[in-house]
Amino acid sequence: MGVIPKSLKTLTLELQRLPGIGSKSARRIAYFLFSLPEERLSFLGDSLKGLKHSVTMCSFCRILADTNPCDICGDVTREVSSICIVADHMDVYAIERTAGYKGMYYVLGGLLSPIKGHGPEDIAVEGLLKRVHQLKKIQRQGVKLELIFALSPTTEGQTTALYLKEEIMNEFGDDVLLSRVAVGISVGTDIDYVDTYTLQESLKGRSSL
Ligand SMILES: [Zn+2]
């Protein structure tokens with residue numbers, strides 16, 4: 001390791017701390033960066049330096065955005081009759097890519113996990129209840145606000161959904177509709193290869209033809 005220049009060694013160690021980057025990849029990226037022209041490195045450096053200042057969190061839905069409110073909360077053409085509750089920002093981007101949902105979002109910022117020590121204080125429950133209050137006020141007469149849970153079908157996702165359901169029911173009772181995204185067989189999969197749990201869930205969540 002003594003032959004590796006100090007700066008490259010430091011950069012490699014920093015890159016190694018990024019998710020999904022092992023020591024080999026980190027070294028390769030560090031050498032690749034060194035091979036880039038100076039102006040591209042400056043641009044990259046400036047982007048990193050400005051990251052914390054240029055990105056803000058939407059105070060309505062907690063999405064990371066350029067502006068507050070974000071483009072979604074500030075878009076008057078979007079439907080305000082539903083909130084899609086997700087764990088993470090990346091989930092919003094994934095759902096937006098489908099172009100099949102035109103409602104609002106709420107980012108919890110994590111999931112409950114007793115094993116990892118993540119409790120209710122680690123997810124933005126109060127903010128969610130506040131957002132539900134805000135959107136409930138602007139519903140058309142006779143329209144119930146729908147809360148769609150788009151949480152991973154894991155123990156953590158289910159624990160979180162159950163906890164939030166109770167919190168929401170305590171606060172709003174039957175004044176809101178609760179639903180969750182369908183859990184089931186992936187498109188293009190042979191039923192024969194689907195595990196029992198997924199199959200059970202997809203039968204429970206069947207829809208009419
Ligand atoms: Zn927003």
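**The open sheet and its surroundings**

Four strands form an open sheet in the order S4-S3-S5-S6, and their pairing is parallel; two strands count as paired if DSSP finds at least two bridges between them. The model is a predicted one, in which local features need pLDDT of at least 70 and side-chain atom pairs count only at pLDDT 80 or more, while totals for chains, interfaces and linings use all residues. Residues are numbered from 1 along each chain as its sequence is written.

**Overall make-up**

- The protein chain has seven helices and six strands, where helices (H or I, at least four residues) and strands (E, at least two) are DSSP runs numbered from the N terminus.
- Read from the N terminus on, the elements follow the order α-α-α-β-β-β-α-β-α-β-α-β-α.
- The radius of gyration of the protein chain is 22 Å, whereas a compact globule of 209 residues would have one near 17 Å; the radius is taken over C-alpha atoms, and the globule rule is 2.2 Å times the number of residues to the power 0.38.
- Taken along the principal axes, the box filled by the C-alpha atoms of the protein chain is roughly 70 × 45 × 35 Å.

- Strand S4 (104–107) and strand S6 (176–180) are the edge strands, each of which pairs on one side only.
- From one strand to the next, the twist averages 25°, with axes being lines fitted to C-alpha atoms, for helices over the stretch in contact, and angles running from 0 to 180 degrees between N-to-C directions.
- Strand S3 (residues 82–86) and strand S5 (residues 145–149) run parallel and are joined by four bridges, and within this pairing cysteine 84 has isoleucine 148 of S5 as its bridge partner, while isoleucine 85 has phenylalanine 149 of S5.
- S5 also pairs with S6 in the parallel sense, over five bridges, and leucine 147 has leucine 178 in S6 as its bridge partner.

**Helix H1 against helix H2**

- The axes of helix H1 (residues 6–16) and helix H2 (residues 23–35) come within 8 Å and cross at roughly 130°, and H1 and H2 are therefore oblique to each other (angles under 35 degrees count as roughly parallel, over 145 as roughly antiparallel, 65 to 115 as roughly perpendicular and the rest as oblique).
- The contact is made by Leu8, Leu11, Thr12, Leu15 and Gln16 of H1 together with Ser23, Ala26, Arg27, Ile29, Ala30, Leu33 and Phe34 of H2, two residues being in contact if their C-beta atoms, placed from the backbone, lie within 7 Å.
- Sorted by class, the contact of H1 with H2 has eight nonpolar, three polar and one charged residues; Ala, Val, Leu, Ile, Met, Phe, Trp, Tyr, Cys and Pro count as nonpolar, Asp, Glu, Lys and Arg as charged, and the others, Gly among them, as polar.

**Helix H5 against helix H6**

- Helix H5 (residues 125–137) and H6 have axes that come within 11 Å and cross at roughly 40°, which makes H5 oblique to H6.
- Val125, Leu129 and Val132 in H5 meet Leu164, Glu167, Ile168, Glu171 and Phe172 in H6, and the residues of this contact divide into six nonpolar, no polar and two charged.
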